[in-house]
Amino acid sequence: MNNNSTNVFQFNLPRFQSWLAIVAVCLLLGSVGLGWVVKSALIVVGLAIATPVIGFLGFFWWLRRSIVQAQCPVCSYQLQGIDGNEIQCSNCGEVLKVERGQLLRDTPPDTIDVVAVEVISE
């Protein structure tokens with residue numbers, strides 16, 4: 001008889017030993033009427049796994065809704081900002097406010113924009 005044929009059905013017990021211990025403890029607790037302890041532990045483990053995943057997906061959903069990509073109203077440079085914040089244009093240095101999907105100049109009320117035009121007299 002060949003020794004290799006008996007090795008096929010052997011288990012690597014140290015690898016499964018911890019899982020077997022956990023299953024044995026769960027069965028023991030369930031048999032003495034403490035199955036609620038096992039269920040509570042499973043709920044805690046499930047929440048520990050689900051909470052970061054839900055938080056990660058929620059953060060990316062919020063980020064996708066809040067990022068605004070538009071042109072600077074002063075120099076037409078393409079910028080990105082988060083809705084409700086102020087940013088500074090990296091091209092012209094103008095302070096801009098990001099509101100409702102638009103970039104607006106952050107100027108005091110009643111400010112009038114004037115474009116200077118050079119007039120050459122003849």
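1. K97 has L104 as its bridge partner in β5. Strand β4 (residues 95–99) and β5 are paired in the antiparallel sense over four bridges. Strands here are DSSP E runs of at least two residues, and helices are H or I runs of at least four, numbered from the N terminus; two strands pair if DSSP finds at least two bridges between them.

2. On the basis of the note: this is a predicted model, in which local features need pLDDT of at least 70 and side-chain atom pairs count only at pLDDT 80 or more, while totals for chains, interfaces and linings use all residues. Residues are numbered from 1 along each chain as its sequence is written, and side-chain values use heavy atoms, with hydrogens and water left out.

3. An open sheet of three strands runs in the order β3-β4-β5, with antiparallel pairing. Its edge strands, β3 (86–88) and β5 (102–105), each pair on one side only. On average, neighbouring strands of this sheet are turned by 40° against each other, direction ignored; the axes are lines fitted to C-alpha atoms, and angles run from 0 to 180 degrees between N-to-C directions.

4. Strand β1 (residues 67–71) pairs with β2 in the antiparallel sense over five bridges, and A70 stands opposite L79 in β2. The two strands form a hairpin with six residues between them; in the turn, S76 has a positive phi of about 65°. Strand β2 (residues 78–82) has a covered face made of L79 and G81, whereas Q78, Q80 and I82 are on the uncovered one.

5. F56 belongs to helix α3 (residues 35–66). F56 counts as exposed because its relative accessibility is 52%, whereas F60, at 41%, counts as partly exposed. The classes are buried under 20% relative accessible area, exposed over 50% and partly exposed in between (1.4 Å probe, protein chains only).

6. F56 and F60 lie four residues apart in helix α3, about one turn of the helix. A search of the whole structure finds three aromatic pairs. F56 and F60 form one that is edge-to-face, at 4.7 Å centre to centre and 75° between the planes. Rings of Phe, Tyr and Trp (its six-membered ring) pair if their centres lie within 6.5 Å; planes under 30 degrees apart are stacked, over 60 edge-to-face and the rest tilted. Ring pairs link F56, F59, F60 and W62 into a cluster.
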